[in-house]
Amino acid sequence: MLPMLVALLTLSPLRALVAAESGLRLPLSIDQILLLICALVCFGGLVLRRGRLLRLERNPTLAATIALTAVFAIGAWTSASLSEWLKEWLKWLVMAGLIWQLSFERGGRWRWMVYAVAVAAAGNALVGLYIFLGGSGADHLLILGRFYRAFGTFGQPNPFGGFMGIVLPVCSMAAWGRASQLWANWRAGIPVNAVQIAQLLAWTASALLLAAALLASWSRGAWLGTAFAALVLVIALPRQLRHGLLLALTAVVLIVALWQAGILPNALVARLTSSVGDLVSINDVRGLDAHAGNYAVIERLAHWQAAVEMARDYPFFGVGLGNYSVRYAHYRLINWHLPLGHAHNTYLNLLAETGMVGLLAYLVYWAIMLRICWSLRRHPDAFARSLGVGLLGCWSYLAAHSFFDYLFVNTLFLHIGVLLGVQAILHRQTQSALQLE
């Protein structure tokens, strides 16, 4: 089963590229084919083991995911399109299945899941940087007069930037963990391990590659999400919370000073500040003229407004998961005809699709995930502890970027599900270690 999951994670991001460039017209996409094979292998394992894997252990990550999936199932009753609801609801069911499957892993095999996620992201980063340096040719993505916004195999820069931003904290903290181990071994007089050095170099290279690709995506949401995640990592990394808070405050003061002194690159500052005024000051986009300078912001605000109108008509249970596009025609603003698949804001999108009940369940869910990740700081293994902090950065990034986009698109939910499964494994190990103490 593990090799199939590795193949699923590394190949599934090719979904959009295969659909756009391949002449083959398959009934299922590449990720759906691989996922189906994984499900069949898993079912075969259950048969061979006579159902032994059906036993359930105490697993708060899995329990919370199942509970949220059950809440989202309510939307089937209010959905205008059951097929669209099912398509989106199955993502959460698959995520629960991935967590459940990985929760049975023992030993160190779970590390291969982290490697697979990193390899998938690094491969996409290489494609994105190739596009950035001229491999795109799409004039509407031209930036700085000679580069192109990177979009990897996702077809769009924002979800590509989201993929980079979600995985970057894991790679960064994995590199930190390996560096900490080597430093501790050196101080203890233990001979340097060549394998650990190679791993340190690989994790460091992956982190730098992802950071470069994220920058090349030119996605403001990805940049802001990364800044927030970095702040959380700085707070969580030291053993003493007060030390982390002091470091975070110092980092914020330093960045503000650099900003005020004009030392930060002008292109980045202009990109970040260009839309702040419109986002803060505009309450109603009806009647506003969109032009090249504000089109992206006005378009996003128009979809936010449509989502709010949906929520007013369906306040408790929403219009049904995945049904934003189906209902959009009844709530769209003049001149904004295309639904674009979602509301460009996860929270407003869920408010429209699942109502106050679904949005509250979603917020509680991620609060639980953040609490579990915070507890991983007590893991006895230094490398696993660093990965736990990295996962905390992942979910912090997702929380921040979700204000500007909906990231459960393409195949990102698979990678999120696997990282949640790794979180469940590390949490079990942490609890076992604490019980032994």
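Student: In this predicted model, which residue forms a salt bridge with Arg300?
Tutor: The closest N and O atoms of the pair are 3.5 Å apart. The partner is Asp405.

Student: Is Asp405 buried or exposed?
Tutor: Buried means under 20% relative accessible area. Asp405 has 4% relative accessibility. Asp405 therefore counts as buried.

Student: How are H13 and H15 oriented to each other?
Tutor: Helix H13 (residues 295–313) and helix H15 (residues 346–375) pack at about 30°, with axes 8 Å apart. Angles under 35 degrees count as roughly parallel. So H13 and H15 are roughly parallel.

Student: How many nonpolar residues does the contact of H13 with H15 have?
Tutor: On the H13 side are Trp304, Ala307, Val308, Met310 and Ala311. They meet Leu348, Leu351 and Ala352 in H15. The contact has no polar and no charged residues. The nonpolar count is 8.

Student: How are H7 and H8 oriented to each other?
Tutor: Helix H7 (residues 157–187) and helix H8 (residues 194–217) pack at about 155°, with axes 7 Å apart. Angles over 145 degrees count as roughly antiparallel. H7 and H8 are therefore roughly antiparallel.

Student: What separates Lys87 and Glu84 along helix H5?
Tutor: Their side chains meet in a salt bridge (3.4 Å, N to O). The two residues are 3 apart in helix H5 (residues 82–102). So the separation is about one helical turn.

Notes: Residues are numbered from 1 along each chain as its sequence is written. This is a predicted model: local features need pLDDT of at least 70, side-chain atom pairs count only at pLDDT 80 or more; totals for chains, interfaces and linings use all residues. Side-chain values use heavy atoms; hydrogens and water are left out. Axes are lines fitted to C-alpha atoms, for helices over the stretch in contact, and angles run from 0 to 180 degrees between N-to-C directions. Helices (H or I, at least four residues) and strands (E, at least two) are DSSP runs, numbered from the N terminus. Angles under 35 degrees count as roughly parallel, over 145 as roughly antiparallel, 65 to 115 as roughly perpendicular and the rest as oblique. Contact means heavy atoms within 4.5 Å. Ala, Val, Leu, Ile, Met, Phe, Trp, Tyr, Cys and Pro count as nonpolar, Asp, Glu, Lys and Arg as charged, and the others, Gly among them, as polar. A salt bridge is a side-chain nitrogen of Lys or Arg within 4 Å of a carboxyl oxygen of Asp or Glu. Buried means under 20% relative accessible area, exposed over 50%, partly exposed in between (1.4 Å probe, protein chains only).
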